[in-house]
Amino acid sequence: QAFTPPVDLTNCDREPIHILGKVQGFGCLIATSSDWMVQHVSANATDILGLDPETLIGTPLSEHLPAETLHHLRTRMQISGQNAGPARTFGLDVFEDGRLFDVSGHISGRSFVLEFEPKSARRDLHDLTMVQPLIARISEGEGIESICRRAARGLKALSGFDRVMVYKFNEDGSGTVLAEDRQPELGTFLGLRYPATDIPQQARELYKRNLIRLIADVNGEVSPIVPELSPEGAPVDLSLATTRAVSPIHLEYLRNMGVEASMSLSILHQGELWGLFACHHYSPRYIDYELRTAVELFGQLFSYELAQKTSDAERQHIRDAQNLHDRIVARLSHDAAFMDRFDELADEILQVIPADGFAVFSDDRYASRGIALDEPEFRRLARVLNTAISGQVLTVDNLSRIHPPAAEYADQVAGILAIPISRSPRDYIVLFRREVAQIVKWAGDPKKPAQVGPNGLRLTPRKSFEAWQELVRGHSTPWLEPERRAAETLRVTLLEVVLRLSEEANRERA
Ligand code: BLA
């Protein structure tokens, strides 16, 4: 293909996945000009519609479809034009001969893109009616992890896939399997993390616009769109197409995992891609456009639930930080000897800012608990901390960046959050976090040999997980914005207490 540069593992983010020029076998595609002149047709239109691309291209679509059908499509395209999403018709008798199709129509550039999938015979058509009860059950969950677990279970029931995961993106674009529901005989992916490159940037951009994709058969034949380019030299933009064939690199990834069908469903939060439902099946699995539409609705409603729970959680965090302030003021109201209050302080603070270790350095004394630096090493680090901008909380998720000797013990302590609690000499409360690569262990069977495809070991989930582990060597989990805010509030609180008590002491002395 003239317009496709060769793709390897280093330039995945440049693969133009929206213009690969092929559709999957479960549907066919016809692109027309806005006056319904056929421009492009996928080769499988012959099998699916009984319409040969050669006879269609360059002729009005009205010569090939009944007037009634064309009228219907025209009206539907107007609706699509008004709200930009695809217009859907389920079970349309396209040729008035009893053959039913699910049809999607949308506008792509200056073209109309029509996609036809033969309507599968199905026992039940309760898809849409299932969605609301499932969402109702999800919203009863408390906290984000709980609703994610419920959602994985719900989507598995709705879609029938063997494994459904909730995959959440971290700040750096890597991702975590946050929840999972799977057939009992399958191993788990729960808790595993993957580098940002596993779902490259352009794919994440696309998934914000097009919320669902089905790869019905990882080994299935794909069908080329002809002609590949318009007379102006442009390929058909398949960004919103539902039959778009996906990146061969990604197909290899799935094959290496033993997966034969994959479906993913975007989860959006405040206009950003928060994560996605990743669904695997261990044999080919096609679900029709009508059920995919129910799945898409499920995803949209879940995104609303998530927004709700997220703002609940944020409000709760603000309340927790406020309560921490109140309790600390109460406890330290008579004396600010932090060292004497070490355990209480540690208990209170670790409840609001999770960490693996805690230390206080005050009045030239040092005490610690959990994963922490020993006193001589802390004193060395304190000299670095003393050079930081004063009166500010400092957070670092790879300590060796600011303190190179920390590379020696990066597998123990990798992240710190330091709260200066006096002016000079500088006293600190410090929270420590361990290396994240140490916490997360591969949950699959480590004895299973990794399979090798043409692109090498990297495209297996275990190797990919290991690649992620390499990336995060020496790093702790990041200190999140609300945690930094809570620490900042705490700094102000402690300073207030110190100042008030020293004023009182001065007054008493005077
Ligand atoms: C797409 N990669 C994807 C998708 C997922 C993942 C869910 C969306 C497509 C789909 O529905 O299958 C990744 N799937 C995962 C991960 C898990 C999972 C992490 O189940 C964990 C359990 N992929 C790579 C590398 C490259 C790559 C190294 O691992 C490139 C160098 C590319 N992934 C890649 C591309 C797409 C993709 C190009 C887009 C596919 C498309 O929509 O055309």
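User: How many bridges join strand E3 to strand E11, and in which sense do the strands run?

Analyst: Strands pair if DSSP finds at least two bridges between them, and strands (E, at least two residues) and helices (H or I, at least four) are DSSP runs, numbered from the N terminus. Here E3 (residues 38–42) and E11 (residues 222–226) run antiparallel and are joined by two bridges. Val41 has Val226 of E11 as its bridge partner. This is a predicted model, in which local features need pLDDT of at least 70 and side-chain atom pairs count only at pLDDT 80 or more, while totals for chains, interfaces and linings use all residues. Residues are numbered from 1 along each chain as its sequence is written.

User: What is the strand order of the open sheet?

Analyst: The seven strands are ordered E1-E11-E3-E2-E6-E5-E4, with antiparallel pairing. E1 (22–24) and E4 (87–93) are the edge strands, each pairing on one side only. Neighbouring strands are turned by 20° against each other on average, direction ignored.

User: Which helix packs on this sheet?

Analyst: Contact between two residues requires their C-beta atoms, placed from the backbone, to lie within 7 Å. Helix H8 (residues 289–331) packs on the sheet and touches E4, E5 (100–108) and E6 (111–118). The direction of H8 makes about 150° with that of E4.

User: At what angle do H5 and H8 pack?

Analyst: Axes are lines fitted to C-alpha atoms, for helices over the stretch in contact, and angles run from 0 to 180 degrees between N-to-C directions. H5 (residues 144–159) and H8 pack at about 170°, with axes 10 Å apart. Angles under 35 degrees count as roughly parallel, over 145 as roughly antiparallel, 65 to 115 as roughly perpendicular and the rest as oblique. H5 and H8 are therefore roughly antiparallel to each other. Among the contact residues are Ile147 and Leu155 of H5 and Phe298 and Phe302 of H8.

User: Which residues come nearest to the ligand?

Analyst: A residue is near a molecule if its C-beta atom, placed from the backbone, lies within 6 Å of it. Of 29 residues around the ligand, Cys12, Val246, Ser247, Ser262 and Ser264 come nearest. Elements giving two or more residues to the shell include strand E12 (261–269) and helix H7 (248–256).
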